[in-house]
Amino acid sequence: MHREHALIAIRTSALTEGTRQFDFTCTAGDFKDPKIEEAGFSGPVRARVTVEKAGGEIALTIETAAECDFTCDICLAPIRRELSGSYRIFYDCSGSEAQGAPGENGDEYRILDRSAVEIDLTEDVRETLLLSVPMKVTCTGNPECRIYTETEEEQEGQEPEGGSSSWKEGLEKLKKKYR
Ligand SMILES: [Zn+2]
């Protein structure tokens with residue numbers, strides 16, 4: 001998607017050797033994306049981009065923090081929770097013609113065009129926000145939902161595996177409940 005003016009971008013001239021941090025604030029509405037609204041984001045969005053440049057390589061870490069509205073999956077009570085997400089991208093800015101290849105840990109690896117004036121991170125921040133939304137949301141401190149609160153702490157983690165195991169545990173409890 002082409003944008004006249006990037007919402008979140010870092011000028012390549014600001015990319016100096018070493019580590020630098022860039023903080024951005026915007027609102028969920030700035031993304032003009034129905035998916036962001038459907039996910040429950042409505043207020044301010046904070047994004048911190050940590051750039052580590054070493055030689056011809058740039059490691060970029062995006063961290064997001066934003067409040068999101070949910071309804072509890074069990075009792076439909078409204079919940080507002082701050083979500084944090086993170087995403088890591090590698091850029092090759094050596095100007096070599098090498099093809100982009102996946103990083104060792106499956107991180108994204110991109111080639112930075114020498115003539116690029118800025119790195120537009122709007123789309124990446126948007127994705128990071130969407131990835132920070134947990135698969136399952138249940139309220140805490142509600143006796144009706146108590147059966148699920150034991151898996152609550154797993155939902156705080158960023159690992160998709162944690163989400164899936166808590167889902168399986170929840171399923172096991174359901175089976176016991178209805179046996
Ligand atoms: Zn609930």
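Two terms to begin with. Two strands pair if DSSP finds at least two bridges between them. Helices (H or I, at least four residues) and strands (E, at least two) are DSSP runs, numbered from the N terminus. This is a predicted model, where local features need pLDDT of at least 70, side-chain atom pairs count only at pLDDT 80 or more, and totals for chains, interfaces and linings use all residues. Residues are numbered from 1 along each chain as its sequence is written.

Start with the sheet. Five strands form an open sheet with mixed pairing, in the order β2-β3-β4-β5-β6. The edges are β2 and β6 (108-111), each with a single partner strand, so one side of each has no neighbour in the sheet. On average, neighbouring strands of this sheet are turned by 25 degrees against each other, direction ignored. For such angles, axes are lines fitted to C-alpha atoms, for helices over the stretch in contact, and angles run from 0 to 180 degrees between N-to-C directions.

Now along the strands. Strand β2, residues 18-27, pairs with β3, residues 41-54, in the antiparallel sense over ten bridges. Take Thr-50 in β3: this residue is the bridge partner of Gln-21. Thr-50 also stands opposite Thr-61 in β4. β3 and β4, the latter being residues 57-71, are antiparallel too, over eleven bridges. Another bridge there joins Val-45 to Ala-66 of β4. The two strands form a hairpin with two residues between them, and Gly-55 in the turn has a positive phi of about 60 degrees.

Phi deserves a word. Most residues other than glycine have a negative phi. Lys-32 is not a glycine, yet has a positive phi of about 45 degrees. Its place is in the loop between β2 and α1. Leu-76, also not a glycine, has a positive phi near 65 degrees, and is found in the loop between β4 and β5.

Are these two buried or exposed? A residue is buried if 20 or more other C-beta atoms lie within 10 Å of its own, exposed if 12 or fewer, and partly exposed in between, with C-beta atoms placed from the backbone. Lys-32 has 12 such neighbours, so it counts as exposed. Leu-76 has 10, so it counts as exposed.

Next, helix α2, residues 122-131. Its buried residues are Thr-122, Val-125, Arg-126, Thr-128 and Leu-129. In general, an α-helix has 3.6 residues a turn, so residues three or four places apart point the same way.

What does that face pack against? The buried residues of α2 pack against α1 (34-39), β3, β4, β5 (78-92) and β7 (118-120). The helix lies across β3, β4 and β5, running at about 135 degrees to β5.

Last, Tyr-87, in strand β5. Tyr-87 is buried, because 21 other C-beta atoms lie within 10 Å. Two residues are in contact if their C-beta atoms, placed from the backbone, lie within 7 Å. Leaving aside neighbours within four places in sequence, Tyr-87 is in contact with Ile-62, Asp-124, Glu-127, Thr-128 and Leu-131.
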